[in-house]
Amino acid sequence: SWTPLLDKKVAVERVELSGFTIVVDDRQEDSLLVGGIRIPDNAASDTEPEDTQPSEWMGGIEKLSLRDFHDKYADQHLDLALDITTLELDQLNQWSQEDPAHLTVSGSLNQAPFSLDAELAPLAAQPSYRGTLKTSDLPLGTFAKVAQSEISSLAGKLAYDGKFAFSQKDGGFILNHDGDISLQGLDTSLNDPALHIRNKAANISGTLDILTTDGRPQIRLASDITMQNLHLIAEENRLELLSAENLELSGISLEGTDKLTIQSILAEQLGLGRSADQTSQDAYIQAGRFEVSSLTFANELLAIDTVHYRDGYSRIKRNAEGQWRIVGIIESMSRLNKQQQKPESDPAPAAKEDNPLAIAINRIEVSGDSKISFLDQAVKPEFKTELKIDSILVENLDTRKPEQHSDFKLAGHIGKYTRLDFNGYAQPFQQPFG
């Protein structure tokens, strides 16, 4: 039929490619090599471009099929090998721009298998893309150079299984995610702060919504996170700030950047402030089980319902130079949080003083086989003792109310014959301490 030509439409009914390989080399600064053919980068023209009128012709494709397709791409930061087993694209037409095309792909990226089933409308007035994506064993080291300004090393594998939706709207975009993200064998070092992160396995399950308008992002997150064998190490003084055999964060809800809720936190074999070489077991705090219920952060207030510390060991130590170990831990964390200084020639404007973070904890419990060890090596002979705790209960802690009574109960013993039982209240945030 001649009708499409009379309507100025060119429709390609079917295109098939099989056993096709293309190599793209973008490592040269002034040109791009496609299949060995040099393509100059933004080559200047000696003649002024002629005024052209937009074409009234429209094009469309009914079906595009690829089989055994291979694409190799290399630039200064990336080496990618895309191997497509099958690809099917249906109904992508300029004369029906709002109607989504259907795309299915199966193959691998750097030998990591993936499958994609999506609907896309790239020609619509508000382009949109939505579908499902599955991938596994994607090597993170492939992308290390892309983020080299932020990280010095990156290793591990990523898996994704979920639904996604992306659309452009009103000068911004909307991104939705619903599914699971898994990391295996994560090992990375951050440049600033100098922090080394190791994690045997992690899983993030939930939804993420991001809306940007006028460059301002609005974020909403609902998720559960589990981690195994997590280690956070401050590189400067080789201090392991945090370690946990298992860590679970359930019922995470984030709205924007200033409202966070976590229904529960559970850490097993928790360690805080241990030497990173692990030849010394002098962790400031160790706990067989550490639980937090109902944590909320909003309006500069961190509110916690209950903290339960079980089978714990805390070592309070002053070394021969007179430094308390807790002071060294706090100083190490402060160095991690320091801000980069601006050049003196461009001084920063005076910042408005922020309100200090307020903390309110309804209840703290210590139980099980818990101990507190005291060691002072700054005196001769050195002093050491150990308090074995049967139970501790502290209630009503609130930094906003220094005059408020915080009730406490402590039961324990030192050695064989000294029994301790305390009941009372304190005003820990009052100046002086009450």
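Buried means under 20% relative accessible area, exposed means over 50%, and partly exposed lies in between, with a 1.4 Å probe and protein chains only. By that cut-off, 30% of the 434 residues in the protein chain are buried. The model is predicted: local features need pLDDT of at least 70, side-chain atom pairs count only at pLDDT 80 or more, and totals for chains, interfaces and linings use all residues. Residues are numbered from 1 along each chain as its sequence is written, and side-chain values use heavy atoms, with hydrogens and water left out.

**Chain totals**

- The protein chain has two helices and 22 strands; helices (H or I, at least four residues) and strands (E, at least two) are DSSP runs, numbered from the N terminus.
- About 27,500 Å² of the protein chain is accessible surface, and carbon and sulfur atoms hold 53% of this area. Accessible areas come from the Shrake-Rupley method with a 1.4 Å probe, and for residues only the protein chains shown count as cover.
- Among contacts (heavy atoms within 4.5 Å) in the protein chain with a separation of 6 or more, 53% are between residues 24 or more positions apart.

**Strand β20 and its partners**

- Strand β20 covers residues 383-398 and includes Phe383. Strands pair if DSSP finds at least two bridges between them.
- Strand β18 (residues 358-367) runs antiparallel to β20, with six bridges between them. Ala360 has Asp398 of β20 opposite.
- Seven bridges connect strand β19 (residues 370-376) with β20, also in the antiparallel sense. Ser370 has Ile389 in β20 as its bridge partner, and a hairpin of six residues leads from β19 to β20.
- β20 pairs with strand β21 (residues 406-414) over seven bridges, again antiparallel. Here Ser391 is opposite Ala411 in β21.

**Nonpolar surface patch**

- Phe374, Val379 and Phe383 make a nonpolar surface patch of about 240 Å².
- Patches are made of residues with over 30% relative accessible area and no salt bridge; like charges are joined within 9 Å, nonpolar side chains (Val, Leu, Ile, Met, Phe, Trp, Tyr) within 5 Å. A salt bridge is a side-chain nitrogen of Lys or Arg within 4 Å of a carboxyl oxygen of Asp or Glu.
- Phe383 counts as partly exposed because its relative accessibility is 47%.

**Aromatic rings**

- There are two aromatic pairs in the structure. The rings of Tyr129 and Phe166 form a tilted pair, because their centres are 6.4 Å apart and their planes are at 35°.
- This pair links distant parts of the chain, with Tyr129 in strand β9 (residues 128-139) and Phe166 in strand β10 (residues 151-169), 37 residues apart.
- Rings of Phe, Tyr and Trp (its six-membered ring) pair if their centres lie within 6.5 Å; planes under 30 degrees apart count as stacked, over 60 as edge-to-face and the rest as tilted.
- Tyr129 is partly exposed at 28% relative accessibility, and Phe166 is partly exposed with a relative accessible area of 28%.
- One aromatic cluster is formed by Tyr129, Phe166 and Phe173.

**Asn423**

- Asn423 lies in strand β22 (residues 418-426) and counts as exposed because its relative accessibility is 60%.
- Apart from its neighbours within four places in sequence, Asn423 contacts Phe408 and Lys409.
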